[in-house]
Amino acid sequence: MNQPVLAVEDLRVRLRTPRGPADVVNGLSYTVGAGETVAVVGESGSGKSVSVLALLGLLPARVATVTGTARLQGEDLLAMSPDRLREVRGPGAGMVFQDPMTSLNPVLTIGRQLVEGIRAHGDVSKPAARARAADLLREVGLPDPDRALDRYPHELSGGMRQRVVIAIALSNSPSLLIADEATTALDVTVQAQIIDLVEKLQDEHGTGVIWITHDLGVVAGIADRVLVMYGGRCVEDGTVDDVLERPAHPYTRGLLGSLPDLAAPVGPDGEVPELTAVPGLPPPPTDLPPGCVFWPRCPVRSDPRCEDEQPPLAIVSRAAAGAGATASGTTVSGATPSGAHEGDRAHLPHRAATWCAEGTSGTGSPAVAGTSGTGSPSGGAR
Amino acid sequence: MSIQPTPGPPPYQEPDDARRPETPEEPPGGSPQRETQSGPPSLRPARPRWRETLSLLAHNPTAAIASLVLLFIVIVAVFDDTFASEGANDISVDERLQSPSWAHPFGTDDLGRDILSRVILGASVSLKVGFFAVGFALVAGTLIGLLAGYYGKWVDDVLMRFMDMLFAFPAVLLAIAVLAVRGPGSGNTALAIGIVYTPIFARVTRASVLGVREEVYVRASRSVGASDWRLLTRHILPNAAPPIIVQTSISLAFAVLAEAALSFLGLGTQPPNPSWGLMLAEGRGYIELAWWLAFFPGMAIFLTVLCFNLLGDGLRDALDPRQRTLMAGGGK
Amino acid sequence: MTDDVLVSARGLEVHFPVGGGGLRGRAGGLLRAVDGVDLDILRGETLGLVGESGCGKSTLGNALLRLVPPTGGTVTFDGTDVTSLDRRGLKEMRRRAGMVFQDPFASLDPRRTVAQTVSEPLEVHGLRSGKRERAGRVGELLELVGLDPAVAGRYPHEFSGGQRQRVGLARALAGEPDLLVCDEAIASLDVSVQAQVLNLLRRLQRQLGLTLLFISHDLSAVRHISDRIAVMYLGRVVEIGPAAAVGSDPQMPYTQALLSAVPVPHPAQERARRRIVLTGDVPSPSAVPSGCRFRTRCPYVFEPCDDVDPALQPAGAPGQLAACHLHGVVGTPVTKTPEGVTAEPSSR
């Protein structure tokens with residue numbers, strides 16, 4: 001296996017807040033290979049955005065303490081000098097944020113902003129940089145790129161602005177692209193365009209992509225691997241098929257159960273069933289529960305250790321592709337594991353930080369199918 | 001069809017999800033503990049807003065000290081008769097221009113009057129003028145700004161153009177004009193300053209109302225049928241108030257200065273009644289001979305203005321909703 | 001009109017003047033936020049109103065309650081004309097129609113407690129006399145939406161988004177309304193909290209026999225909660241019909257594209273899916289294309305699309321209507337202004 005573009009190990013971020021220290025990220029490890037898309041999924045406050053801002057040194061040093069290692073092509077981002085980090089940000093890693101309006105400077109033309117980025121990281125003449133900028137805009141599918149260079153951000157639609165932001169992020173051919181809720185503010189039809197664009201560019205350039213989102217539908221379409229974050233931890237990771245079709249962690253299952261199904265919403269009785277919502281709220285990072293981070297909201301709680309001890313991230317099942325779908329007995333229906341993609345990714349482990357994964361062996365706890373119906377007092381029982 | 005949760009069946013039932021009663025989403029370790037309470041819940045807030053503001057203000061040392069000093073000045077002004085020695089306006093030729101001493105801590109003036117007593121009496125006059133002036137400007141300006149900002153269109157045009165006209169006059173000139181018509185004296189001085197300051201309050205209020213008017217919660221109240229009057233008094237004014245409150249404390253400072261300036265010009269308080277501005281004017285001629293004549297009234301003006309300004313800054317911070325949230329989360 | 005219809009809009013228009021004005025006094029354009037909408041909301045149903053940002057769905061929701069004044073057309077609420085109501089009639093209409101807004105952080109007055117917010121409709125309409133009765137009713141309402149009545153004395157900033165949205169819901173229900181309009185009510189909530197609120201809305205709708213207008217850009221949520229779905233594009237309802245029909249067999253090319261773009265959390269389906277990727281952007285509502293307003297992006301555009309503004313016509317399942325010439329050219333011919341030539345409607 002060739003060297004990953006990015007290897008993050010034991011990333012921890014602690015922020016100083018007026019309410020006391022907040023452990024926003026607690027020991028996150030993952031890798032992103034060339035041409036691979038890793039989706040980081042979580043709700044607000046799960047630490048998903050902070051974890052990538054920390055990688056690029058974009059958190060204010062005054063309030064944030066970042067530990068761990070993050071090797072971008074072998075070089076540790078977290079141990080870098082600020083000057084070196086600035087050099088790396090363009091050609092090493094590009095970033096696309098949620099709101100394309102605020103990530104562009106409203107008083108500069110699109111062309112100026114692109115040319116600036118290109119010339120900051122290479123000795124390029126102005127006309128050459130301008131030509132390259134037009135090429136980039138053409139590549140991201142902006143109609144009439146030469147004229148677009150002289151336009152201001154407010155003259156473009158949201159989708160077009162996000163294309164420009166992507167063009168800027170790609171202007172120095174980075175080996176890693178980080179998209180933080182990059183399509184959340186866009187309409188679905190425009191979101192589809194942007195996703196197609198990123199996939200196309202990724203194929204052409206072999207860029208590694210970290211795609212941060214809360215939208216599991218987007219994840220299903222774009223990701224190779226998924227990392228589910230909750231309370232600053234990775235609670236489950238694995239291939240996109242493993243995690244979405246055979247979720248092991250009660251939180252992942254709850255998240256999937258919370259989604260209305262567009263394709264087949266009607267139950268056997270002809271009625272649209274209730275969504276299996278996760279009760280309660282994510283814990284504030286200033287006040288994480290002592291045991292499993294999900295314990296206060298968990299409908300399963302099948303192991304006495306859950307209350308006081310954080311379960312480690314452990315491999316759920318290697319043979320998940322074959323047996324998992326039926327053994328786990330989850331609510332996800334209509335899953336047809338795709339053979340083409342299973343083959344080359346079967347070696348990726350499917351891990352979950354829980355003792356409550358039904359059908360898993362080695363934890364010693366009995367399978368708990370059914371307990372979700374009775375075993376859960378209200379989320380705020382303590 | 002109507003909503004009748006009680007009496008009868010419990011308010012909500014979950015036929016197939018009864019196992020997990022929909023608990024209010026309490027943050028597991030979050031701040032507000034659930035109170036158990038019998039009977040209907042109180043409609044009154046658990047902790048009144050003004051008390052929260054006060055406690056926030058108390059956490060700001062500068063503002064707290066400023067408030068205490070102002071409180072002291074106000075008490076002195078209210079009980080001026082008790083604090084000042086009798087006959088502060090009586091001329092005593094024997095004791096002219098005496099430097100500060102135990103008998104006269106602030107010295108005496110050119111007519112032998114005790115400056116400490118006159119500063120105390122002056123506090124009463126200066127503050128009275130300040131409060132009346134700002135009170136007038138506050139009521140008139142807020143009303144005008146509220147109507148202009150809320151109704152917009154021609155109401156806004158008419159009212160605000162009139163305010164612009166007032167605003168365009170040099171302030172002192174306008175005050176002089178008012179005093180020329182109505183004659184000098186502290187009451188008229190207050191009125192003159194009040195008229196001068198009205199456009200400021202109108203503008204601050206209008207700007208604030210324009211922002212609040214578009215808030216979703218105002219639309220939400222309208223959607224349940226609330227009248228204009230209700231929207232204005234229950235939602236818009238309270239939420240538009242913080243800048244107005246801050247403007248009030250800063251204007252008080254300027255009103256005290258303005259009174260001093262007008263008295264200095266001989267248009268405000270008339271001798272022999274003391275006001276700080278008047279004393280400053282009278283002491284000016286003796287500045288080389290007897291510095292204390294101008295110094296102590298000057299200090300009184302300086303201190304009062306400074307404290308009002310500091311209080312204004314403190315209020316600005318304390319009334320900022322973001323501050324509140326931080327305090328509410330971390331303070332308990 | 002049958003008496004099954006609670007709210008009915010006919011040719012409803014909300015146009016805003018844009019640009020212009022100012023010192024130069026030049027004539028500005030017209031932003032056609034809602035541009036000729038015919039819509040019936042049946043008593044007791046949940047009607048989902050979907051569309052992308054800027055399509056006018058929120059403006060339509062607001063215009064139905066006259067929170068935005070319509071500039072043309074009519075709205076009737078339970079048989080009475082909303083557009084011509086006097087102050088008293090409007091107030092009563094607003095008691096009978098509650099609204100829940102998108103942003104739970106902006107829709108509650110930060111300076112008023114939960115109890116004050118929820119009891120406002122009670123005070124405004126004099127529904128409960130006396131503080132005690134009102135407090136009791138507030139407690140009931142909070143319980144109804146799944147909140148502890150003991151939170152009544154708290155301020156909005158002490159609550160999470162989901163809890164605030166429940167408070168907003170309690171306020172909307174306080175007047176015992178017939179109609180509840182939810183304007184993107186779950187859009188700013190986390191996924192797991194969205195599900196809680198969706199479940200709550202469905203339960204309340206059944207329990208109280210409410211008529212629900214659920215406005216959202218989220219097709220999956222709309223499909224989940226609605227009996228019927230109306231799809232908006234550029235200020236117009238372009239398709240409407242039973243949820244199952246619109247959700248699985250849309251008849252209007254725009255609805256088809258919209259549905260095909262919604263990502264679903266199943267990797268296999270996502271890999272296999274063939275999206276209809278629309279080219280270009282939605283035209284500005286101040287420059288609506290003539291004829292069919294979708295023709296600039298439509299993959300099936302043909303000749304009558306330029307000339308005839310399509311009307312809703314039966315297509316697909318019973319009760320399903322689509323505004324598309326593929327089902328027969330029906331609609332208003334475009335008036336060619338320079339020559340004054342009027343194109344003939346090709347069929348009818």
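Trainee: What makes strands E1 and E4 of chain C a pair?

Mentor: Strand E1 (residues 5-18) and strand E4 (residues 72-77) of chain C are linked by five bridges, in the antiparallel sense. Two strands pair if DSSP finds at least two bridges between them, so this one qualifies. Keep in mind that this is a predicted model: local features need pLDDT of at least 70, side-chain atom pairs count only at pLDDT 80 or more, and totals for chains, interfaces and linings use all residues. Residues are numbered from 1 along each chain as its sequence is written, while chains are lettered from A and ligands numbered from 1 in the order in which they are written.

Trainee: Which residues in E4(C) stand opposite Arg10(C) and Ala9(C)?

Mentor: Arg10(C) has Thr74(C) as its bridge partner, and Ala9(C) faces Val75(C).

Trainee: What makes E2 and E5 of chain C the edge strands?

Mentor: The sheet is open, has four strands in the order E2-E1-E4-E5, and pairs antiparallel. Strand E2 (29-42) and E5 of chain C each pair on one side only.

Trainee: How do you know whether E7(C) is covered or open?

Mentor: A residue is buried if 20 or more other C-beta atoms lie within 10 Å of its own, exposed if 12 or fewer, and partly exposed in between, with C-beta atoms placed from the backbone. In strand E7 (residues 179-183) of chain C, five of its five residues are buried, so the strand counts as mostly covered. In a regular strand the side chains alternate between the two faces of the sheet. Here Leu179(C), Val181(C) and Asp183(C) lie on one side, Leu180(C) and Cys182(C) on the other, and all are buried.

Trainee: Which strands does E7(C) pair with?

Mentor: Strand E6 (residues 97-100) of chain C joins E7(C) through four bridges and runs parallel; Gly98(C) has Leu180(C) as its partner. E7(C) also pairs in the parallel sense with strand E8 (residues 211-216) of chain C over five bridges, where Cys182(C) stands opposite Phe214(C).

Trainee: Why is the crossover from E7(C) to E8(C) given the hand it has?

Mentor: The chain goes from E7(C) through helix H6 (residues 191-208) of chain C to E8(C), a β-α-β crossover. It is called right-handed because, with the strands pointing away from the viewer, the path from the first strand over the helix to the second runs clockwise.

Trainee: How many residues does chain A put in contact with chain C?

Mentor: 43 residues of chain A are in contact with 34 residues of chain C; a contact means that C-beta atoms, placed from the backbone, lie within 7 Å. H7(A) gives the most to chain A's side, with six residues. By class, that side has 21 nonpolar, 14 polar and eight charged residues. Ala, Val, Leu, Ile, Met, Phe, Trp, Tyr, Cys and Pro count as nonpolar, Asp, Glu, Lys and Arg as charged, and the others, Gly among them, as polar.

Trainee: Where do the domain bounds in chain A fall?

Mentor: Domain 1 spans 6-223 and domain 2 spans 258-374; such bounds come from an automatic or database domain assignment. Eleven residues of domain 1 of chain A are in contact with six of domain 2 of chain A.

Trainee: What is the pLDDT of chain A like?

Mentor: pLDDT is the predictor's confidence in each residue, from 0 to 100. Chain A averages 78, and 82% of the residues score at least 70. Over residues 319-346 of chain A, though, pLDDT is below 50, and it stays under 50 over residues 359-382 of chain A.

Technical notes: Two residues are in contact if their C-beta atoms, placed from the backbone, lie within 7 Å.
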